[in-house]
Amino acid sequence: MLDPVVEQRTPVRAWVVVFAGTAINLCLGILYAWSIWKSNLIGTVQHPAGTAMGGLNEGWVYLTDAQATWAYAICGITFAIFMIPGGLLQDKLGPKLGATLGGVFLGGGCILAGLGRSYLTLVAGFGVLGGIGMGLGYAAATPAAVKWFGPHRRGLVAGLVVGGYGAAAIYISPAARFLIASYGISGSFIGLGIFFAIAIVAAAQLLATPASDYRPSTYGASRAKAPAAGISISQEQMSAKSILGTWQFYAMLFLFIASAQSGLLVIANAAPILNQTAQGVGFLAENAWLLASFGGFVNATGRVGTGVYSDKIGRRNAYLINGFAAVLCLLLTPAVMRAGSVPLLFLVVGVAYWQYGGGLALMPAMTADFFGTNNLGIKYGLVFLGWGIAFLVPQLAGYVRDVTGTLDYAFYLSGLLLLLAVIFSRAVRRPQAPDLIATQLLPSKS
């Protein structure tokens, strides 16, 4: 380890990058408010799928649950895929360009979805172009911020930056409901698209990575202070190519898939879930966006909170606590919905949102801990593929609901998958000498 005397105090610029990244994610997180659009797009008994809409939404047609979920799933999968070129772009040219392009793609995609007034342009605009924008922007923000801080603050910093993505639903959900009611589905996409493009491009100009000779503060006064229990900090600066030769990479993919799919299932269906549960409570049934906004708040606080205590108790221990609590709540959700208990619904959904948000703080910090911080953009981009794969579960749930009329079986499947990951997480450790044979054989360009 470098001598502490050459380490630098954390500069103000580092915190500017953190909050610029948070601001960018506050726009990219439109995905977490998707259930508001979904509840307006899917058909009902009175308006079956395939029939034309009228009034402000003239030109649109009602969709099946699976169709409406495909736009959400394609956006998430595209997002995950473009985290890889986004990470390369961030590592090679810095974070400003990737984040700027992210704003242009997301804003343009939303505008296209609004102007097109069709399922095709919804998928192409929101799903594909929006997903590209999210991948490029997200890949720029988090790695840029993490590089300014030592291991003892990685969880906190990652939580703050990705917390913006989760918190986006707090304001986007009511804003989308208002815009849809006042200007229609098209007006909501166009208005938000213009806003996102301006806000993201402006915040992107504040992103920066530290100079090559910058050494972040580690543990402040004491060099001898050990990492928190359960945190294994890699002294190896592994190349992006070499991590593919370790079993830990594939283990982290599985942990990410299991953690993410449970939250994505709830996010995709938040408004319809509250509609169904609160049928006897008129106000809540008419304002189902409240569950999506509540979920956004818990999602964001779960990222920051989990980041903080993972720095103290370790990433694996934090994954265990969050995951086990979420498993219980996922398995109980169908019974809570049948009972019509709104307070219990907010509780079980809140735990699922916390676990999901916490996973998105744990995984970038764990990636840096296991594989080193050099070229972190592309490394985390590869690990982030697990998040994209996780969208297959809510997509499957859409088909299950179309066939059975219920999400019960989807919640049971989601809970069991997360339980397997919680058990498996106890065996995951950072790469050590036997695991690094491939690293030694492969030349590193880092």
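Reader: Is Asp65 buried or exposed?

Author: The model is predicted, with local features needing pLDDT of at least 70 and side-chain atom pairs counting only at pLDDT 80 or more, while totals for chains, interfaces and linings use all residues. Residues are numbered from 1 along each chain as its sequence is written, and side-chain values use heavy atoms, with hydrogens and water left out. Buried means under 20% relative accessible area, exposed over 50%, and partly exposed in between, with a 1.4 Å probe and protein chains only. Asp65 is buried, its relative accessible area being 6%.

Reader: With which side chain does Asp65 meet in a salt bridge?

Author: Side chains of opposite charge can pair when their charged atoms come close. A salt bridge is a side-chain nitrogen of Lys or Arg within 4 Å of a carboxyl oxygen of Asp or Glu. Here the side chain of Asp65 meets that of Arg401, at 3.9 Å from N to O. Arg401 lies in helix H15 (residues 392-404) and Asp65 in helix H3 (residues 65-93), so the pair ties together parts that are 336 residues apart in sequence. Helices are DSSP runs of H or I with at least four residues, strands are runs of E with at least two, and both are numbered from the N terminus. Arg401 is buried as well, at a relative accessible area of 18%.

Reader: How many salt bridges are there by this rule?

Author: The count comes to 6 salt bridges. One of them joins Asp91 and Lys147, at 3.7 Å from N to O. This pair links distant parts of the chain, 56 residues apart, with Asp91 in helix H3 and Lys147 in the loop between helix H5 (119-146) and helix H6 (154-204). Asp91 is buried, with a relative accessible area of 17%.

Another joins Arg338 and Asp408, at 2.7 Å from N to O. Arg338 belongs to helix H11 (residues 315-339) and Asp408 to helix H16 (residues 408-425), 70 residues apart. Arg338 is exposed at 57% relative accessible area, whereas Asp408 is buried at 17%. Through shared partners, salt bridges also join Lys38, Asp65 and Arg401 into one network.

Reader: At roughly what angle do the axes of helix H8 and helix H13 cross?

Author: Two packed helices are described by the angle between their axes and the distance between the axes. Axes are lines fitted to C-alpha atoms, for helices over the stretch in contact, and angles run from 0 to 180 degrees between N-to-C directions. The axes of H8 (residues 247-277) and H13 (residues 376-383) come within 9 Å and cross at roughly 60°.

Reader: Which residues of H8 meet H13?

Author: Contact means heavy atoms within 4.5 Å. Phe249, Met252, Leu253 and Phe256 of H8 meet Tyr380, Leu382 and Val383 of H13. The residues of this contact divide into 7 nonpolar, no polar and no charged. Ala, Val, Leu, Ile, Met, Phe, Trp, Tyr, Cys and Pro count as nonpolar, Asp, Glu, Lys and Arg as charged, and the others, Gly among them, as polar.

Reader: Against which helices do the buried residues of H4 pack?

Author: They pack against helix H1 (12-28), H3, H5 and H6. Among the buried residues of H4 are Pro95, Leu106 and Cys110.
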